[in-house]
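Visitor: I have a structure to go through. Can we start with the core and then move to the pockets?

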Amino acid sequence: MNFLAHLFLSGAPGSAPYADVLLGNFIADSVPGRQFENYPPAVQIGIRLHRAIDTFTDQHPVVRRSTQRLRAAGYGKYAGVISDMFLDHLLARNFREFSAESLPDFTRRVYALLAAREAEMPPRVQHFFPYMAQQNWLLTYAETEGISRALSGLSRRASAGSGMETAATELVANYEEYEADFRAFFPELQQYVAGMLDG
């Protein structure tokens with residue numbers, strides 16, 4: 001999953017450790033190995049949660065169906081990255097089905113919480129977070145044009161020939177299939193995460 005889903009799945013707003021879990025879930029990709037132990041316990045929960053979400057997602061048969069479709073379309077080793085972006089788009093597009101909060105309200109609240117913790121972020125995250133908030137990446141994911149821009153940005157940082165800059169055309173061409181995969185998968189992910197946070 002990409003940023004939106006990870007942030008959305010960080011627990012119940014207002015609960016005592018929520019802001020810490022949110023931060024940990026957000027920065028996890030920039031915290032290698034056991035370096036997560038350098039963070040406070042509640043932030044560690046968010047990092048562990050992020051890693052568990054990634055493992056659950058990568059191993060899920062419905063997500064593998066999406067990635068196989070992307071590999072068949074020529075996206076090779078980048079199929080998983082593209083699938084994560086597609087899932088974020090579909091969550092953004094259908095956000096009110098999963099949340100009582102609107103996507104614009106969610107993004108404003110989350111950006112404010114993260115901005116208050118910016119000093120605790122790894123340098124890499126401190127570098128991109130201001131751009132993310134200013135350009136409101138989370139909100140733009142709801143449109144295929146926004147996902148196309150995000151994938152084009154990723155393609156510039158990937159090895160030559162990744163093809164990610166064209167992946168939005170694959171989403172549009174097979175939208176119903178990807179949306180069906182999302183609807184089959186995401187409620188199971190929500191249930192899995194709820195079990196982790198309650199446990």
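Predicted model: local features only at pLDDT ≥ 70, side-chain atom pairs only at ≥ 80, totals over all residues.

Visitor: Which residues in the largest nonpolar core touch the most other members?

Guide: Leu4, Phe26, Ile27, Ile82 and Leu114 do, in a core of 58 residues. Helix H5 (residues 79–93) supplies the largest share of this core, 8 residues.

Visitor: What is Phe26 in contact with, leaving aside its neighbours within four places in sequence?

Guide: Phe3, Leu7, Leu114, Met121, Val125, Phe128, Phe129 and Met132.

Visitor: OK, pockets. How much space lies in the largest pocket?

Guide: About 930 Å³. The lining of the largest pocket has 33 residues, and Asn2, Phe3, Trp137, Leu154 and Arg157 lie nearest its centre.

Visitor: Which elements give two or more residues to that lining?

Guide: Helices H1 (3–8), H2 (18–27), H3 (41–59), H5, H7 (123–135), H8 (137–140) and H9 (144–157). The largest share, 7 residues, is from H9.

Visitor: And the lining of the largest pocket by class?

Guide: It has 16 nonpolar, 10 polar and 7 charged residues.

Visitor: How much space lies in the second largest pocket?

Guide: About 220 Å³. It is lined by 16 residues, with Phe8, Leu9, Ser10, Gly11 and Ala12 the closest to its centre.

Visitor: Which elements give two or more residues to the lining there?

Guide: Helix H6 (103–115) and helix H11 (175–198). H11 gives the most, with 5 residues. By class, the lining of the second largest pocket divides into 9 nonpolar, 4 polar and 3 charged residues.

Technical notes:
Residues numbered from 1 in each chain as written. Heavy atoms only, no water. Core = buried A, V, L, I, M, F, W, Y, C linked by side-chain atoms within 4.5 Å. Buried < 20%, exposed > 50% of the residue type's maximum accessible area, 1.4 Å probe, protein only. Helix = DSSP H or I, 4+ residues; strand = E, 2+ residues; numbered from the N terminus. Contact = heavy atoms within 4.5 Å. 1 Å grid on protein atoms, 1.4 Å probe; cavity = no way out; pocket = protein on both sides within 12 Å on 5 of 7 lines; lining within 4 Å. Points joined across faces, edges and corners; volume = space filled by probe spheres on them. Nonpolar A, V, L, I, M, F, W, Y, C, P; charged D, E, K, R; others polar.
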